[in-house]
Amino acid sequence: MSPVRRVLAPYFLILPGGLWLLLFFVVPMVTMLSLSLQEGDIVNGYAFTGHWQTYLDAITAYEEQLVRSLIYGALATIALIVIAFPVAYWIAFYGGRHKPTYLFLLLLPFFVSFVLRTISWRQILTDDGFVLGPLKDIGLLGSSFHVLGTPFAVIAGLVYNFLPFMVLPVYVALERIDPRVVEAARDLYADPATAFRKVILPLALPGVFAGVLMTFVPASSDYVNSAVLGSSSTTMIGQVIQAQYLTNSDYPTASALSFTLMAVLLIGVFAYARALGTEDVMKVAAR
Amino acid sequence: MPPSPRNLPDPMVRGLTRQRLGRRDALRLSGLSALGMALAACGVEGKGNPGASAPAADAVAKYWAGKTSTKKVDFACWPLYMDPKQPELKKFTAETGVKVNYQEVIQEMGPWFAKVQPQLSAGQSIGYDLMVITNGIQFKQFKDSGFLAPLDHSKLPTFAKNAAPAYKNEAFDPGNVYSVPWASGITGIAYDPKRITRPITKLADLWDPAFKGKVGMFSDTQELGNFGMMVLGLNPDKSTADDWRAAADKLKEQKSQRIIRNYYDQSYIDALGKGEVWITQAWSGDVFQKNVSDGTNFKFVIPEEGGTIWTDNFAIPSTAANPVDAIALMDFFYRTDIAASLAAYINYVTPVPSAQEQMKQDAAKLSGDDKASLEDIAESPLVFPAESDYAKLHYYRDFATAAEQQEYQRIFEPIVLG
């Protein structure tokens with residue numbers, strides 16, 4: 001190999017990945033950043049003016065939705081941990097040879113489109129549908145009682161839709177635990193609760209950590225659940241961004257809100273990783 | 001190639017994979033200026049030609065020159081705007097041999113404009129040769145962007161003969177340069193008398209805490225803003241920015257007290273059907289059609305404070321593949337028998353006054369319930385409003401400038417968006 005080619009080889013090696021990132025990540029990002037700083041309207045076109053004020057205006061107008069999205073995302077993530085951990089635990093330790101079947105059953109509903117599944121919940125839970133209707137008829141619920149349109153419905157929708165993204169990483173972490181480690185804990189006079197707390201939980205935490213990242217970020221920016229199951233008092237920031245892009249053609253506001261959301265989520269995730277970095281968590285738990 | 005000390009990758013490459021400090025400032029500077037240039041280069045080109053309400057004299061001839069029929073019209077319309085059996089379109093196909101692909105793809109004007117704008121802007125077909133669009137903000141955007149084909153009136157003889165004079169000179173498109181009406185309608189209140197026992201008469205009923213969580217409003221900012229203004233006794237047509245802010249406050253009150261369930265597009269009628277809302281802002285004909293098709297008994301009222309009247313219009317997108325048959329179909333809907341048949345089903349105001357006489361004649365040939373129902377429609381103020389009915393109705397505000405319209409949108413959008 002000639003010296004020239006040797007020098008150039010690393011560049012060629014990163015070329016495919018680099019081009020991919022440039023085309024599908026850098027270009028859209030720069031375009032969006034540019035859009036967020038433009039002024040104008042859809043008929044006459046938008047032109048770049050470096051108008052940072054858009055960020056301030058957008059955040060002031062939609063602060064409530066931004067905060068609400070983060071709260072819904074956080075609540076959904078907590079609920080996901082509570083629900084997914086026992087499921088993953090049971091499959092990993094008691095699933096036996098049927099483990100693949102259980103995992104398949106868990107994923108089965110997700111072969112149907114995300115939006116369609118959410119709409120079917122809307123049919124089930126509708127105000128006078130087959131769940132609430134009879135309860136209202138026998139007088140258990142007031143005639144104006146409803147589940148749809150409440151924050152509960154939206155958060156429940158988020159939990160339902162993101163469940164596999166929490167179960168699977170936790171399952172993978174639990175599945176890797178060597179049963180002999182747990183046996184050793186029992187041999188050393190740890191009762192089952194202590195063995196769980198001191199051995200299983202710390203070893204499962206990396207999975208939970210990954211699960212939180214995989215659910216909190218998309219749940220906070222989701223716009224389908226709130227649009228289908230929510231009401232005007234549960235609007236999330238994803239819906240605002242979607243409407244600004246696709247209803248009002250107000251590209252600068254939509255882009256500014258997208259960047260704001262991204263920044264907030266990045267800061268949140270970094271802070272989370274910093275404060276609860278898996279190694280530190282394990283150190284604390286092992287104490 | 002194993003990295004020997006001599007052949008370590010260039011620092012530039014290393015910097016992409018590892019943390020490094022050298023030359024960072026220089027890179028950052030050059031990166032920033034490159035970014036700056038890239039940012040400024042990504043402007044979104046507009047197609048604006050505002051103020052040119054009438055095209056140049058030869059625009060019509062220029063547009064229509066060389067256009068030929070493809071024997072297939074793709075027609076974009078709204079739900080509940082035609083008998084699902086499409087008798088009028090079948091007749092058109094039987095008489096002309098032109099197939100019509102009728103799609104109910106438009107639910108609200110904002111999303112529709114946003115959806116087709118990129119293709120129209122790039123001069124590409126949107127897949128439709130004919131569309132029905134409401135007068136209002138987006139109509140003006142379509143028109144000002146040059147997205148509508150100028151109509152060749154030599155191809156619209158039936159329109160010239162049968163359309164009511166009022167529909168030949170509407171403020172949003174004087175002289176029908178780009179559009180001819182499909183139907184007009186009234187925005188009022190619909191409610192379910194099974195759940196609301198007292199009579200609904202005024203807009204203030206939409207603010208009644210007794211219906212907490214069961215009130216629907218439109219997500220279209222013009223529809224919403226109009227009701228906000230009218231409940232305060234203001235006339236939307238002549239409103240000012242101060243009126244808009246007052247209306248917005250009134251609407252926010254309805255929202256913060258959780259009286260409103262949600263802001264809807266055309267799906268409001270399903271929400272009413274499912275009992276999700278008991279009382280809602282509504283379009284006149286929908287309620288009638290819902291009652292006919294689902295056997296419901298919803299009521300539609302024009303509130304005491306007034307309703308609004310709007311017009312949905314046929315228009316041909318400038319990039320249409322088959323404008324020739326599209327304009328023929330437009331003209332076909334102005335035939336008295338076709339207009340009567342359509343209006344009898346959709347129950348919206350028809351721009352063809354002779355349809356009333358036709359309906360009465362048709363009714364005479366029928367018997368029993370069918371006869372009574374068609375006679376009712378022929379006398380309905382919702383299909384053939386009298387002069388006195390119009391007195392209660394308000395028109396949409398026309399926005400003179402883009403800035404004015406943006407101000408309006410920025411006042412009402414945050415309400416709809418939660």
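**Close-up 1. Strand E2 of chain B and its partners in a predicted model.** Strand E2(B) and strand E4 (residues 130-134) of chain B run parallel and are joined by two bridges. Here Phe75(B) stands opposite Leu130(B) of E4(B). This is a predicted model, so please read each of these views with that in mind. E2(B) also pairs with strand E3 (residues 99-103) of chain B, again in the parallel sense, over five bridges. Look for Asp74(B), which stands opposite Asn101(B) in E3(B). Between E2(B) and E3(B) the chain passes through helix H4 (residues 87-96) of chain B, a β-α-β crossover that is right-handed. How many of the five residues of E2(B) are buried? Four of them are, and the strand, residues 72-76, is mostly covered.

**Close-up 2. The kinked helix H8 of chain A.** Helix H8(A) spans residues 192-221 and has a kink of about 45° at Leu201(A).

**Close-up 3. Where chain A meets chain B.** In this view, 44 residues of chain A are in contact with 42 residues of chain B. On the chain A side, the elements giving two or more residues are helix H1 (3-36), strand E1 (38-41), strand E2 (45-48), H2 and helix H10 (237-246). H1(A) provides the largest share of that side, with 11 residues. By type, the chain A residues that touch chain B divide into 21 nonpolar, 19 polar and four charged. Tyr46(A) has Val44(B) of E1(B) as its bridge partner.

**Close-up 4. Leu234 of chain B in its loop.** Leu234(B) sits in the loop between helix H8 (221-231) and helix H9 (241-256) of chain B. Neighbours within four places in sequence aside, Leu234(B) is in contact with Met229(B), Ser239(B), Asp243(B) and Ala247(B).

**Close-up 5. Two loop residues of chain B with positive phi.** As background, most residues other than glycine have a negative phi. Asn176(B) has a phi near 50°, a positive value in a residue other than glycine. Its place is in the loop between helix H7 (157-162) and strand E5 (179-191) of chain B. Asn176(B) counts as buried because 20 C-beta neighbours lie inside 10 Å. The phi of Arg258(B) is also positive, near 60°. Arg258(B) is found in the loop between H9 and strand E7 (260-264) of chain B. With 15 other C-beta atoms within 10 Å, Arg258(B) is partly exposed.

Methods:
Residues numbered from 1 in each chain as written. Chains lettered and ligands numbered in written order. Predicted model: local features only at pLDDT ≥ 70, side-chain atom pairs only at ≥ 80, totals over all residues. Buried ≥ 20, exposed ≤ 12 C-beta atoms within 10 Å, placed from the backbone. Helix = DSSP H or I, 4+ residues; strand = E, 2+ residues; numbered from the N terminus. Pairing = 2+ DSSP bridges. Right-handed = clockwise from strand over helix to strand, strands pointing away. Bend = angle between axes of the 7 residues up to and from the residue. Contact = placed C-beta atoms within 7 Å. Nonpolar A, V, L, I, M, F, W, Y, C, P; charged D, E, K, R; others polar.
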